[in-house]
Amino acid sequence: MDDMKALPHRAESACRRLRVGDRVRIVSIPRADAEQYRQTGDDFTVRVLRRLIRLRSVRTISRIDESGYPWFEYRIRTRGGRTHYHSIMILDDESWVRVG
């Protein structure tokens, strides 16, 4: 992924200390996602994050990528009953809290 060059690579970052199985709650929209929305108008990720915040949803870290960033999975059920599966990478230390 070419965008990986633009990612913050802070070894001391709390998000990079998360491990598979850790549980987190998203508490705010990450700055990078808010900025992407402002620049492109694509609100998909921001809408998903707002929903997770509103529902106080707890997510489990499902994988750590090759750069050390944690990812979690979620699913969206459409009005038509179809289910779509997606993943979100955690890039910052301000938008989430560790749970239990």
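## Basis

Residues are numbered from 1 along each chain as its sequence is written. In this predicted model, local features need pLDDT of at least 70 and side-chain atom pairs count only at pLDDT 80 or more, while totals for chains, interfaces and linings use all residues; side-chain values use heavy atoms, without hydrogens and water.

## Helix α2

Helix α2 covers residues 44–55; helices (H or I, at least four residues) and strands (E, at least two) are DSSP runs numbered from the N terminus. Its twelve residues should span 16 Å at 1.5 Å a residue, and the end C-alpha atoms are 17 Å apart, which agrees. The expected span is 1.5 Å times one less than the number of residues.

V46, V48, L49 and L52 of α2 are buried (under 20% relative accessible area; exposed is over 50%, partly exposed in between; 1.4 Å probe, protein chains only). These residues cover an arc of only 160 degrees around the axis, which puts them on the same side of α2; the arc is that of the directions from the helix axis to the C-beta atoms. After α2 comes R56, with a positive phi near 55 degrees.

## Salt bridges

The whole structure has four salt bridges (a side-chain nitrogen of Lys or Arg within 4 Å of a carboxyl oxygen of Asp or Glu). One of them joins D22 to R98, with the closest N and O atoms 2.9 Å apart. D22 is in the segment before β1 and R98 in strand β5, 76 residues apart.

R31 and E94 form another, at 2.7 Å from N to O. R31 lies in helix α1 and E94 in the loop between β4 and β5, so this pair ties together parts 63 residues apart in sequence. R31 counts as exposed, at 59% relative accessibility, and E94 is partly exposed, at 44%.
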